[in-house]
Amino acid sequence: LYIAANQLSGSIPSEIGNLTSLTHLDLATNPLTGEIPSEIGNLTNLTSLYIDYTALEGAIPPEVGNLTDLSYLNLAVNQLSGSIPPEIGNLTNLTYLNLRNNQLTGSIPPEIGSLTNLERLYLNYNQLTGSIPPEIGNLTSLERLYLFTNELTGSIPPEIGNLTNLTQLYISSNQLTGEIPSEIGNLTNLSLLRLDNNQLTG
């Protein structure tokens, strides 16, 4: 179901959860309001879900964790708030996860380390706090990791050196402290490394 880039307004109806044979759902770039209905978790055949560039608010429903066939999940550029649900760790087929430009708070759940097929992870421009979980080092397929412009604290975990497929690592504009881990030297495929606007020492 592709109805992106229209002038659809109002909320996403809960009845969308009845479309259980859907494999693709694209509602992007519409002036939608309200919250993502929990019934979206009924669409267990989805392989791609795009609800970016809308005016949706509220939390990401934990029922998203039911969508275990998803390869692409894009909820960027909304007004989503609350924390990233740990159930997102169930989406082990994801190759693309984009939650950037929202108002997400709380820490990055360690369950994100279960997404071992992930190639792109965009969590930038939120209000995430806490430290970068060491489990991020499990994401050995990752090519782009964008965590910039949050409120992350603590040190850069040495496990980041496991991400040898990374071409872009962008974690500037946080409140990171400590030394830059020597393991970052393992990232020989990097073409972009941004660590600026933190409180790093050494």
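This is a predicted model: local features need pLDDT of at least 70, side-chain atom pairs count only at pLDDT 80 or more; totals for chains, interfaces and linings use all residues.
The side chain of glutamate 143 forms a salt bridge with that of arginine 120, at 2.6 Å from N to O. This pair links distant parts of the chain, 23 residues apart. Arginine 120 sits in strand β8 (residues 120–122). Glutamate 143 lies in the loop between β8 and β9 (144–146). Arginine 120 has 22% relative accessibility, so it also falls in the partly exposed class.

How many salt bridges does a search of the whole structure find? The search finds two. The other bridge brings together the side chains of arginine 194 and aspartate 196, with an N to O distance of 2.6 Å. Arginine 194 is partly exposed, and aspartate 196 is partly exposed as well. Side chains of opposite charge can pair when their charged atoms come close.

| Residue | Relative accessibility | Class |
|---|---|---|
| Arginine 120 | 22% | partly exposed |
| Arginine 194 | 30% | partly exposed |
| Aspartate 196 | 29% | partly exposed |
| Glutamine 199 | 48% | partly exposed |

Glutamine 199 belongs to strand β13 (residues 199–201). Which residues does glutamine 199 touch, not counting those up to four places away in sequence? The contacts are Gln175, Leu176, Thr177 and Gly178. Serine 155 is 44 residues from glutamine 199 along the chain, and their C-alpha atoms are separated by 9.6 Å.

Now the sheets. Eight strands form an open sheet in the order β1-β2-β4-β6-β8-β9-β10-β12, and their pairing is parallel. Its edge strands are β1 (24–26) and β12 (192–194), each pairing on one side only. From one strand to the next, the twist averages 10 degrees. Leucine 169 stands opposite leucine 193 of β12.

Another open sheet has three strands, ordered β3-β5-β7, also with parallel pairing. β3 runs parallel to strand β5 (residues 79–82), and two bridges join them. Glutamate 57 has glutamine 79 of β5 as its bridge partner. Strands of a sheet pair through backbone hydrogen bonds, either parallel or antiparallel.

The largest nonpolar core has 51 residues. Which of them touch the most other members? They are Leu73, Leu97, Leu121 and Leu145. Leucine 145 is in contact with Leu121, Ile136, Ile160, Leu163, Leu166, Gln168, Leu169 and Tyr170, leaving aside neighbours within four places in sequence. Another core, of five residues, lies apart from the largest one. Among its members are Tyr96, Tyr146, Phe148 and Tyr170. In soluble globular proteins, nonpolar side chains tend to be buried together.

Terms used: Residues are numbered from 1 along each chain as its sequence is written. Side-chain values use heavy atoms; hydrogens and water are left out. A salt bridge is a side-chain nitrogen of Lys or Arg within 4 Å of a carboxyl oxygen of Asp or Glu. Helices (H or I, at least four residues) and strands (E, at least two) are DSSP runs, numbered from the N terminus. Buried means under 20% relative accessible area, exposed over 50%, partly exposed in between (1.4 Å probe, protein chains only). Contact means heavy atoms within 4.5 Å. Two strands pair if DSSP finds at least two bridges between them. Axes are lines fitted to C-alpha atoms, for helices over the stretch in contact, and angles run from 0 to 180 degrees between N-to-C directions. A nonpolar core is a set of buried Ala, Val, Leu, Ile, Met, Phe, Trp, Tyr and Cys residues joined through side-chain atoms within 4.5 Å.
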